[in-house]
Amino acid sequence: MAEEEQLPSAPLPSRSFGQVPGFDGIRGAAVLTIVIAHMVVLLPVHALLVIPGATASLDAFFVLSGFLISALLLKEQAKRGTIGAIPFYRRRVLRLLPALYVMVLATALFAYFTHQWQHTETQSIFSVVFYYSNYYSASDPSPFGLPKLTIGFQHLWSLSLEEQFYVFWPWITIVLLTIRTRLRTVVIVLLSLIALVAFHRFLLFQDTHRWWQILIRTDTRADAILWGALVAHLWIRGKEPKRGIRVAALVASVYLLGCLFLTTEYSPFVFWGGFIGIDVSCAVILLAILDGRWIGRHVFEFRPLVALGLVSYGFYLWHLPVFFAVAHYDAHWNDVVRVVVALSITLALTLLSWFLIEQPLMRWSKKLSAKDEARRTARSAAGGPSEPVVGAG
């Protein structure tokens, strides 16, 4: 782009953040509302009547993920002038795939040995492990958008959406929307892309009204992640809005609560612009938490929510397969016992995943990153070429 310059070797000014408890609290609150909504599998009275708009919680994940990934990429670019594409994808693989594959294997074995194996089981498994389950499910021709994914896998479309986005996003950050690109250009490009996705979603809903297919496709929902990326560009450069952010966060919270209890995933409202309001509200709350002066951040710093958010990936992976398994073996338990058993098993599997799979691999990933950094430092001191990374300018 004409407005970009070659990145210098010296670090550029940028901001960074450590562990933000409020972010884990957002994850915890989001996964909790989703799990409550999915209790429709366990309860004769639809839990969706309790939190009918729980799909809005997924946007919190998308916006937060877009912010965190973009901020880390931009920080690395500012510090080194380059982004290590291979280390980035290695970190994503070690963080996400092993825990997912263990859950998929367990769910598939359960389906096989309980005679619930369906004719689409193999296709569903492939779509999940290769991250295209959202488009596989959206290809269902049913006018009601009934998902093709077999039991236990229906919630994994959101993982596919995120990972499809992140296949391309680092390269956009490397080549196009770099830390040195003028902020005005970044804002124009990202807002244009957001508007394009939102308008595309609106037209598709007007044309087909197949809410399920539109709800889960990357081309119709990527604007949520783009909002997070936009916030990252603003915040890393210290250009985020500060005046009125606390009041805006309060209004955003009221709006999100209204969406949770007054809308559903098939409400025309969310496709006619409601998702835009949800995403902007999530972005505002992120900024308010980072700002640190908003009193509402204490809600998201509530320790049980933070703890749940810390293990939210495993909890999200396991809850629906466990719910279906408990419903399959239901021995005429009352509702309370059924829910307690299902949540207890989900929590146990989540903790096993966290301590036996996720944490060890995260420690290994950090060791590999430390070795990469040591090699870069040694080569730089020796005046030799740096390791193969992709330049940013």
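**Close-ups: a serine, a pocket and some ring pairs**

**View A. Serine 133 sits in helix α5 (residues 133–138).** Helices here are DSSP runs of H or I with at least four residues, numbered from the N terminus. The model is a predicted one, where local features need pLDDT of at least 70, side-chain atom pairs count only at pLDDT 80 or more, and totals for chains, interfaces and linings use all residues. Residues are numbered from 1 along each chain as its sequence is written, and side-chain values use heavy atoms, with hydrogens and water left out. Serine 133 counts as buried because its relative accessibility is 0% (buried means under 20% relative accessible area, with a 1.4 Å probe and protein chains only). A polar atom of the serine 133 side chain lies 3.4 Å from the backbone oxygen of leucine 156. Leaving aside residues up to four places away in sequence, serine 133 touches Ser127, Val128, Leu149, Leu156, Trp157 and Ser160 (contact: heavy atoms within 4.5 Å).

**View B. The largest pocket holds about 1,900 Å³ of space.** A pocket is an open set of points on a 1 Å grid over the protein atoms alone, where a 1.4 Å probe fits, with protein on both sides within 12 Å along at least five of seven lines; lining residues have an atom within 4 Å of a point. The volume is the space filled by probe spheres set on the points, which are joined across faces, edges and corners. There are 49 lining residues, and Arg27, Ile69, Leu72, Arg92 and Arg95 are the closest to the centre. Helix α2 gives the largest share of the lining, 13 residues. Helices supplying at least two residues include α1 (21–37), α3 (85–113) and α16 (335–382). By type, the lining splits into 23 nonpolar, 10 polar and 16 charged residues (Asp, Glu, Lys and Arg are charged; Ala, Val, Leu, Ile, Met, Phe, Trp, Tyr, Cys and Pro are nonpolar; the others, Gly among them, are polar).

**View C. Tryptophan 211 and tryptophan 212 belong to the 17 aromatic pairs found in the whole structure.** Their rings are edge-to-face, 6.0 Å centre to centre with 85° between the planes (ring centres within 6.5 Å, with Trp taken by its six-membered ring; planes over 60 degrees apart count as edge-to-face). Both tryptophans are buried.

**View D. Phenylalanine 271 and phenylalanine 275 also pair edge-to-face.** Here the centres are 5.8 Å apart and the planes 85°. About one helical turn separates these two, because they are 4 residues apart in helix α12 (residues 268–291).

**View E. Phe23, Phe67 and Trp235 form a cluster linked by ring pairs.**

Conventions:
Buried means under 20% relative accessible area, exposed over 50%, partly exposed in between (1.4 Å probe, protein chains only). A polar contact is a pair of N or O atoms within 3.5 Å; within protein, one must be able to donate a hydrogen and the other to accept it, and residues adjacent in sequence count only if both atoms are side-chain atoms. Rings of Phe, Tyr and Trp (its six-membered ring) pair if their centres lie within 6.5 Å; planes under 30 degrees apart count as stacked, over 60 as edge-to-face and the rest as tilted.
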